[in-house]
Every structure is written in structure tokens, then in C-alpha cells.
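Here's a quick briefing to read alongside the model. Take a look at the fold first, then work through the notes.

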Amino acid sequence: MHPRFLRFRPSVAGLAFLGLLWGLVLAPGCGRKEAPSATGDFRGRTLRIGTDATYPPFESVHDGELVGFDVELGNLVGEELGARVEWTNTSFDGVFPALLAGKFDLVMSAVTITPERQERLAFSDPYYTAGQRVAARQDDLSITGIESLRGKVAGIQINTTAALVLQKLPDVQVRQYPSIDLALQDLLNGNLAGVVGDSPTLRYFIHHGFQGLRTTGDLLTEEHYGIVMRPDDVALRTAVNGALKRLRDSGRFAALEEKYFGAAAQQARPALSGVPWGSVARRLLRGMALTLGLTVLALLAGLPLGLGVALGRRAKPKVVSWLCGAYVEVLRGTPLLVQIIFIYYALPQLLGVDLAPFLAAVLALTLNSAAYVAEIFRAGIASVDPGQAEAARALGMSSAQAMRFVILPQAVRNVLPPLTNEGIALLKDSSLVSIIGMAELTRSGQELASQLAAPLAIWPLVAVFYLLATLPLTRLAAALERRLQNQR
Amino acid sequence: MALVEVRNLHKRFGAVDVLRGVDLTVQPGEVVVFVGPSGCGKSTLLRCLCGLELPSEGEVMVGGVPVRDDAVALQALHRRVGMVFQRFHLFPHLSALQNVTLAPRKVLGMPDAEAEALGRRMLSMVHLGDRADAFPAQLSGGQQQRVAIARALAMKPELMLFDEPTSALDPELVGEVLEVMRELAREGMTMCVVTHEMGFAADVAHRVLFLDGGRVVEEGTPQQVLREPKQPRTREFLSRLLQR
């Protein structure tokens, strides 16, 4: 099993929803996109391939370009078929729902062929054999393989096959980490005796950022990577298998393997000399711009929508107030992650509209924040002295005029601080849209941390960029507050 | 024709009977003062006259139009009746002038320049012509209440209601508000006033009503009700008021 197979971090509700979603997109008769060709002739067609480029040496982002073994192999397959290749870099959690929803035709993301996956997905013939292995510190010669971890502490990436390997050795104490680079960092810090992980990836990280570590012992498992397709794309599977066979026959496959995994490559490739701060800062700036853009758009749309919902909850017609109340309860009571997934993957199936990831992200963030904004406005309106509405009525104003000219101007002053809070929370929550492939700030940090094998350098920097992004928001709110206070 | 006609007015809040059959007639130009112990229903009566409360039973007619549960009719009523509250209820986010001009601009659709001229006139009338740009928080209680009076007057009401207008004021600020109200009465404004200021009632009122337990217990000229009360409850109330 591939280490990332079970790497779902959403809540239980999110998992349940994903299950529902899979059932939905697999239901017969759904308006799924046509495969590129039903005839097996892919010349002149475009093959859309999804990948999670945080997994060197198979796929990562380097200077803004997708690179890696899978990427070159995918391009070669496209070349064999005479098709154009279009890559989408997205989070691993979202890669299969997107495939099944017809957002791409293939997934190439170091995906291990497992019986569980074969129930829902179709695989090409295996193209790479990997396995779990032990990593240890260079200076700790007591670790020579899995047996030597007995009575000691070992680290793994959470929910991976490494856990299955270590289950057989109950006297090894296991510590789980959200990603393999963090486990390796703790190993380097001396808190672990070893780390069990995917062999080629361990080698990559050790080569690029963790020179104090080494791999040791035999491969503990044998895992085969395959190219993933929808089960009904039979013609595509035949074509891809044919292309893989031709690439093997012509020797181009072997050349690619040699380039990435050959002894010469391992020796010759120079380790990265430190962190390239300039390009890192540029990537993070781009991520921050996207984060800010998403947040500002979602706030600009969410503020009026939230205000409308807050006013709707006070409306006389029961239907309106009930609907607005239900809106708040549903959007506030379900995880934002699930809402993002629903809007991007399920809505197109249900309504037949296809949303670009950016639009889906803005829509999800808008709808979600509007629910919180509505509650903030509701409290703000309730905090205004009821005598104000009475005085306005006694002057002959309609309730709409009283709201517009007397109540709301005072409510807005009262809610500026909590609205600022909501804006900042939204800015940070916007990182969840990485699941639909938006390379915002957190996602950029993830990609950089794995590409450079330098989590300790990248994550504090990501935090600084978040701080830089929130400062203009808080400054703006403070200035607005001061201006309104001056009128008193 | 009477400006206000109240017949057999009952007002209940849940199980509590606040008004139990009140009859009242107010002629144009009359100043009527309501007195009575706390909880006697005098404020509720006032709020029924301006349509902030609706009768549970009986009838309230203002200018010949019955007060009823109809948003448009109520709005029309509000335009004809000015209300001054115990706690002013000025709009804190607006200057004194804006407080006065808001309703003429938005409700009557008066052009800004005209509304501003009107507002300044109204503020001068309450001797606050020089504080037009001050915000409520920058004004004393007495000044705020005078702005509130100007705000109500700007709608050119036929009837002005005052609900304990000086009760929330420091004693030394009471006089300036009563003075403005005296001037209004002299100019012939029809007024209904709930107050504990017996001096004001004696000087200005044409008629005094003593309410207790949701009913009018005694009614007459200030001389009759305040100096020579016939009802024991009126006498008891007035003697307690004097002992303060």
C-alpha cells in the first residue's frame, strides 16, 4: 500500500461524505464527461493527468515546473499515443474524486495498486516496484534493519503500510507523523531510532535535505505503482498499456529509470546547497497572493450575503426566516472541507455546471463565511438599544428605513472587531482549498517543504507570510474603527 | 372636533392588565398632564396614542383615524404624532442636526438643503442653534432631550407626547427642558405629558388626569386635581410626592 493511501485528514463527517460522493459519481447514468476516445485512437486528443506534486522523485514542483519520474513517463506515454498532455497539480486527498468526476483522465501520482483501489479504479500494468524500508542516522550503527528497531522508538507517516510492517513487531514503539519529512526531522533530532517509509522517497529526502541519515536493511514490502483510470475507460487502458510496452521495448523506459534511480544518478546528482531563498520567497509570494485574493473576494461577497441572511432571519414571512436559519445551521455545522469538496466535485454532477477550481473555491469560502458573518450581524443588530428602533418608528420611518438609517449604522460599529476576526479566520481556513488543486500559501509551503526536504526552513517562513497577509486586514479594520469612533 | 378620542381602552401584556377602560378626549391646543404612581399605566396610555402599542380592546382615534394594526396606517399616524422619550433615544451615530433632519429627508422626502434649514430652525427653537454639529455623546442630558424635542418637532406633528421627559436628567438640567416645553405650549401645541413635575403641571396644563390601576381616577383642572383632590388615592399619592 502506498504510504499516502489513507492520508485523509478530514473529520469523520468528511469521510462519510467522501464515501457518499464516490457512490454518487459512480452511479450509472451520471453526467460524467466522455472519455477522450472510445475508439482507442488518441492522436490529437488531450490527456488530462492529475498528480500531487509533493512526492519527489516521482513528482514535485521545481522552479514552477512539474518534474519527476511520473511526469516524464506521463509525457512519454502521451507522445506514444500522439496526444497532448495536460497536468493538474492537486492534493492527494482530492485526486481520485476528481478523476471519477471527470476532471482528469489519468492519475499518475506514485499510486500503489491495491485490491481496495481496484474495486473502484482501473490500473495500468505496473510501471514501478517500490517498498518500505528503514532509515536511520549515519552515526547510529546499531540500526541495521527492521529487527534492530525492537525495544526502540520508530517513526512513520500516519496511516501507512509502514504501520502494517511494524504491527508484526509489537515491541517497537511507533510514533506517527503527518508527513514523512517531519518524521525524518525528528529522527535527525535524535528522538527516534529509525523511520519506516517508502524506499525511493526516503532516498530522495536523505539525498536532498537529511544528509545525516541513511537507509538500511532490505525492502520490507513489495509495492507496484500503476497509472490510474476510470474503470469504464477500457480503450484508454488498452492504449496506455500498449504505450508502456512500446516504451519498454524501445529502451526509453529503461533510460528513464536509469536517469532517476540508477546508481550513477544517485551518486552524481549533487545535493541542493541550502535553500534557494529567492525562488522560495517568489513561490510563497504567489501563494500568498492567491490566499489573499481568495479571502478578499470571499469577504466582499460574503459580507453582503451574510447581512442579507441576518436580515432574512428577522423577516416576517416564516419561510424566509426559517430558510435563513437553516442556511446558517447547515453551513456552520458542517466542515468547510466537505463544503469545498461538495461544490467542486458533486455540484457539477447534480446540476450539470462545471466550476473552475478558483470559482468553486471562492464560492465555497463565500457561502461558508456568510453563515458566520450572518451570526455576527445578528448579534450586532440585537446589541443596538431597542429604544433606537422605537424612536425611528415614532418618527414615521418604515422598519426598512429604521434598519437602514438607524440600526445598521450602529450595528456595523459594534461588529467590526468580530468581523475582523472572521476575516482572519477565513484567510487561514482558505488553505483547505488546496484539496481542489489551488496552490495557495499552505499548499505552496507543502510543495516547497517536500521538494527541498527542508520542513524546518519552509514552515516558519509560511507562518511569516500568513502574518504579512493578515496585517493589512487588521490595519484596515483598525483604521475603519478609529474613523467611526471619531464621529461619536 | 377632538384631536384625540379614547374610548374604553384596555391594554394587556400577557396576563397583566395595564389599562382597564380608559376614556380620554384631547382638544386641539390643549395641554394634558398624566400623573400617577409608577405602574399605573400612564406611559402605556401615551404609547397607545402614538401607535407604539395597539389597543387590546376599545378604540383610540387620532385626528378622526382609528389606530389599528396596519403598517401603512401606523406610519401615517407616527408622522402626525411626535414622541419624546424618557431616555432621549437620540441616534448616537448622527450629529444633532442629522438627528433632526433624518426623518424629514427620508420619510417626507425633503431636499437636503430645505431639511438642513428646517433642522437649524428647530435647533434654534430649543436654544441649541450653536450645537448643530455636536454628537449626542458630546451633549449634556438636558441638551440631548432638547435635540430629541427638536427632532420630533421637525416632522410638524399635530400632537406632541412627552413620556417623563425630565426623569432621566440631573436636577439642574430639568429647568431648561421644561422651559422649552412651556414655550411650545404657549405657541398652542397640543401636548400630552407624563411627568412628576407638579410645578410644570400646575403652570402649564389645561387639564390633569390622575391614573391608578389602569383607570382614570380623577380628572380636572390643575387646581382641582392637585390642590383640592377629591379621591383618597389622589390625595395619598400627592402627599407622598410632597414628602420626597
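On the surface, V296(A), L297(A), L300(A), F358(A) and L359(A) make up a nonpolar patch with about 440 Å² of accessible area together. Two elements of chain A, α11 (277-313) and α14 (357-382), each give two or more residues to the patch. Keep in mind that this is a predicted model: local features need pLDDT of at least 70, side-chain atom pairs count only at pLDDT 80 or more, and totals for chains, interfaces and linings use all residues. Residues are numbered from 1 along each chain as its sequence is written, chains are lettered from A and ligands numbered from 1 in the order written, and side-chain values use heavy atoms, leaving out hydrogens and water.

**The patch in chain A**
- α11(A) gives the most to the nonpolar patch, with 3 residues.
- L300(A) is found in α11, and counts as exposed (over 50% relative accessible area, 1.4 Å probe, protein chains only), at 58%.

**Helix α1 of chain B**
- α1 (residues 42-49) is mostly covered, with 7 of its 8 residues buried (under 20% relative accessible area).
- Following α1(B) comes G51(B), with a positive phi near 80°.

**The sheet in chain B**
- An open, mixed sheet of 6 strands runs in the order β6-β7-β8-β3-β9-β10.
- β6 (81-84) and β10 (215-220) of chain B are its edge strands, each pairing on one side only.
- β6(B) and β7(B) (residues 159-163) run parallel, joined by 4 bridges, and V81(B) stands opposite L159(B).

Terms used. Patches are made of residues with over 30% relative accessible area and no salt bridge: like charges are joined within 9 Å, nonpolar side chains (Val, Leu, Ile, Met, Phe, Trp, Tyr) within 5 Å. Accessible areas come from the Shrake-Rupley method with a 1.4 Å probe; for residues, only the protein chains shown count as cover. A salt bridge is a side-chain nitrogen of Lys or Arg within 4 Å of a carboxyl oxygen of Asp or Glu. Two strands pair if DSSP finds at least two bridges between them.
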